[in-house]
Amino acid sequence: MTARNIAMTIDQVAVRFGGLVAISDMSFTVGEGEIVSLIGPNGAGKTTAFNVMTGFLTPSAGRVTYRNTALAGLKPHEIADLGLIRTFQRTSVFPNDTVYDNLLIGLHRQGRVRLLDAILGLPGARASERKLRQRASELLEWVGLERRAHDAAGSLSYGEQRLVGVALALAAEPSMLLLDEPVSGMNASETHRFVELIRSIRDRGITILLVEHDMPMVMTVSDRIVVLNYGRIIAEGTPDVIRNDPAVIEAYLGHGAGRA
Amino acid sequence: MKAIITIIAVAALASVPLWLRDPYLLNALITTGIFVIGAMSLNLLLGFTGQLSLGHIAFFGIGAYVSALTSLGFDIGLPGGLRLVHTPWPPIAGFVLAIVIAGLCGYFVGLLSFRVRGAYFVIVTISFAEVVRLVALNWVELTQGPLALTNIPSIALPLPGLSELTLRTKMQNYYLVLVVALIAYLLIARLVHSHFGRAMRGLMENETLAVSVGIDVTRTLTIAAVISAAIAGAAGSLYAHYIRIIDPEVFAFINTVTMVIMVISGGKGSLAGPVVGGLIFGLLPVALRPVMAPEAQWIAYGGVLIAILFVLPRGIVPSLAQRFGRRRSRATALASVTLAETAAKEPA
């Protein structure tokens, strides 16, 4: 891992809600172009960690740095401007809009034209609009939702909505993507396709941090895994290391998981 | 299809003064038109960002007073024995100033309330309207208070190469209101279909997700509030120069409620909604007046409103669009099935 440039540093981050310690003293790094997974039992603090990294939550202590910019005090949309984009566990689409329009909303960061230009319909604004439409179609093709382009996003199956969520995040042109349990609710073949999608995202140079419960999927796709339990990091390493780590086996995978 | 309906509607509206000679009805149409512009501006906030401004009439009233005072002039005392004297400017300057100052008020109200939003925005806007009404009522030196500002001049258009055209007749004022309404409609339509309008829609549907893809909530909502308030200010200016007398009653809460009714019944979040709802509820009192006692008129008014919302709960325009849209999509679905069947048969 030393060869890679570091994209994100999480340095001694702690989050407390009143007396409850959600995360204590968490430190790890994510390298550029790496696929890192954050795993742990329910309530281990994974989503809380995500919320801290994307500005939805202010940590009680510690700091998060992305590409040498400290994220403390930045609003979520400002963090998005740094190229750090997340998906959500539950709320993942704009339900009343078509899938295509969802992506156009997601392309917000690309389509910033002056308000007056847009109102007057000046050539610059129109060209930008054409480019956005083109880009939206490309994204739909990338995640494999071309056929659903004109359906309301809220009417899609759960698995398809997750894909819309990922496409939305990709629309924001991330340099690093944070995926919060993307394959929960997907069947085996959907999950398999999703793994391909994650790889194709990484192949375009986008760093990926993944929170996921689906162990076989995590083991297949990750370069490195960070294991949380009760808000603490208990292990960190490649899938092979994690699979054989006694602390992980005991705390998370349970007895007899050595064959996993 | 949509374009054809729009062209027919505009042509029909433009032809009205050519066959409608009754000044009473034409007057009703002009005031209704002015309120339709107000309703369109309210719809920009309520229908496209989901924020309910229950003090929207404040921006309308501010537009009316700014425009009236600009064209009438004033002479008021300031602290320290100074006097601020403004000599009358042409009404068209008042119209422009009304837009600018109403827009500025929208900016400050938005800035104050959009950090918290929702119910807080409703309360801030109600309070704002009430404060402005009290100022208009009590700052007698400037506004004449309950005595009203009178003799407000009609709008005069400076025509190049000709003398000014003062809009005195009902027909002229009708066309003025129609043109301003069309401009406001186009402006809102452009805005809503632009990248900026998508940001508003995203915020309304799923704020957390919208923020995560980089949409700035406060900025987006504040811009919507500024444009909405500016259009309401334009409507207020038209009102002042057409009625030619305004008093603090223009800020009455019932006027905001009327605009909300126009938007909700016509269909919030649809461009044509406030126009349809506005024409119905603007002209309904006129239609009821000859046939009913005054008490019964309001009961009938409420009855019509309830009936519309009962039959078409999402408002007239969206409900009808959906009904016709569904029929069309069923037709295309049938067509594609037929195509698929033909395709399946062919290889055999």
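Which residues of α1(A) are buried? The exercises below work on a predicted model.

**Exercise 1. List the buried residues of α1(A) and explain how the helix sits in the structure.**

Step 1. Start with the names. The buried residues are Lys46(A), Thr48(A), Ala49(A), Phe50(A), Asn51(A), Val52(A) and Met53(A).

Step 2. Helix α1 of chain A covers residues 46-53, and seven of its eight residues are buried, so the helix is largely enclosed by the rest of the structure.

Step 3. Find what it packs on. α1(A) lies across β1, β2 and β4 (61-66) of chain A. Its angle to β2(A) is about 65°.

Step 4. Look past the end of the helix. Gly55(A) follows α1(A) and has a positive phi, near 80°.

**Exercise 2. Work out the strand order of the sheet that contains β1(A) and β2(A).**

Step 1. Take the order. Four strands of chain A form an open sheet, β2-β1-β4-β5, with antiparallel pairing.

Step 2. β2 (20-31) and β5 (69-70) of chain A are the edge strands, and each pairs on one side only.

Step 3. Zoom in on one pair. β1 (residues 6-17) and β2 of chain A are antiparallel and share eight bridges.

Step 4. Phe17(A) has Leu20(A) in β2(A) as its bridge partner. Met8(A) stands opposite Val30(A) in β2(A).

Step 5. Inspect the turn. The hairpin of β1(A) and β2(A) has two residues between the strands. Gly18(A) takes a positive phi there, near 60°.

**Exercise 3. Which way do the residues of β3(A) point, and are they buried or exposed?**

Step 1. Recall the rule. In a regular strand, side chains alternate between the two faces of the sheet.

Step 2. Ile35(A), Ser37(A) and Ile39(A) point one way from β3(A). Val36(A) and Leu38(A) point the other way.

Step 3. Check burial. Residues on both sides are buried. For β3 (residues 35-39) of chain A that gives five of five, and the strand is mostly covered.

Step 4. β3(A) pairs in the parallel sense with β8 (residues 207-211) of chain A over four bridges. Here Leu38(A) has Val211(A) as its bridge partner. Four bridges also join β3(A) to β9 (residues 224-229) of chain A, again running parallel. Ser37(A) stands opposite Ile225(A) in β9(A).

**Exercise 4. Describe the overall form of each chain, beginning with the radius of gyration of chain A.**

Step 1. Apply the globule rule to chain A. For 260 residues, a compact globule would have a radius of gyration near 18 Å; chain A has 19 Å, which agrees.

Step 2. The C-alpha trace of chain A spans about 65 × 40 × 40 Å along its principal axes.

Step 3. Count its elements. Chain A has 10 helices and 10 strands. Buried residues make up 42% of the chain.

Step 4. Examine contact range. Take contacts between residues at least 6 apart in sequence. In chain A, 66% of these join residues at least 24 apart. In chain B, the figure is 75%.

**Exercise 5. Characterise the side of chain B that touches chain A.**

Step 1. Count both sides. 21 residues of chain B are in contact with 28 residues of chain A.

Step 2. Assign elements. α7 (170-193), α8 (195-205) and α9 (207-212) of chain B each supply at least two residues of this side. The largest share, seven residues, comes from α8(B).

Step 3. The chain B residues divide into nine nonpolar, seven polar and five charged.

**Exercise 6. Which residues have the most contacts inside the largest nonpolar core?**

Step 1. Size it. The core has 168 residues.

Step 2. Leu103(A), Ala167(A) and Ala102(B) have the most contacts inside it.

Step 3. Find the main contributor. Helix α10 (residues 217-243) of chain B gives the most to this core, with 16 residues.

Step 4. Leave out residues up to four places away in sequence. Ala102(B) then touches Phe59(B), Ile62(B), Gly63(B), Ala229(B), Ala230(B), Ala232(B), Gly233(B) and Gly236(B).

Conventions: Residues numbered from 1 in each chain as written. Chains lettered and ligands numbered in written order. Predicted model: local features only at pLDDT ≥ 70, side-chain atom pairs only at ≥ 80, totals over all residues. Contact = placed C-beta atoms within 7 Å. Nonpolar A, V, L, I, M, F, W, Y, C, P; charged D, E, K, R; others polar. Buried ≥ 20, exposed ≤ 12 C-beta atoms within 10 Å, placed from the backbone. Pairing = 2+ DSSP bridges. Axes fitted to C-alpha atoms, helices over the stretch in contact; angles between N-to-C directions. Core = buried A, V, L, I, M, F, W, Y, C linked by C-beta atoms within 7 Å. Rg over C-alpha atoms; globule rule 2.2 N^0.38 Å.
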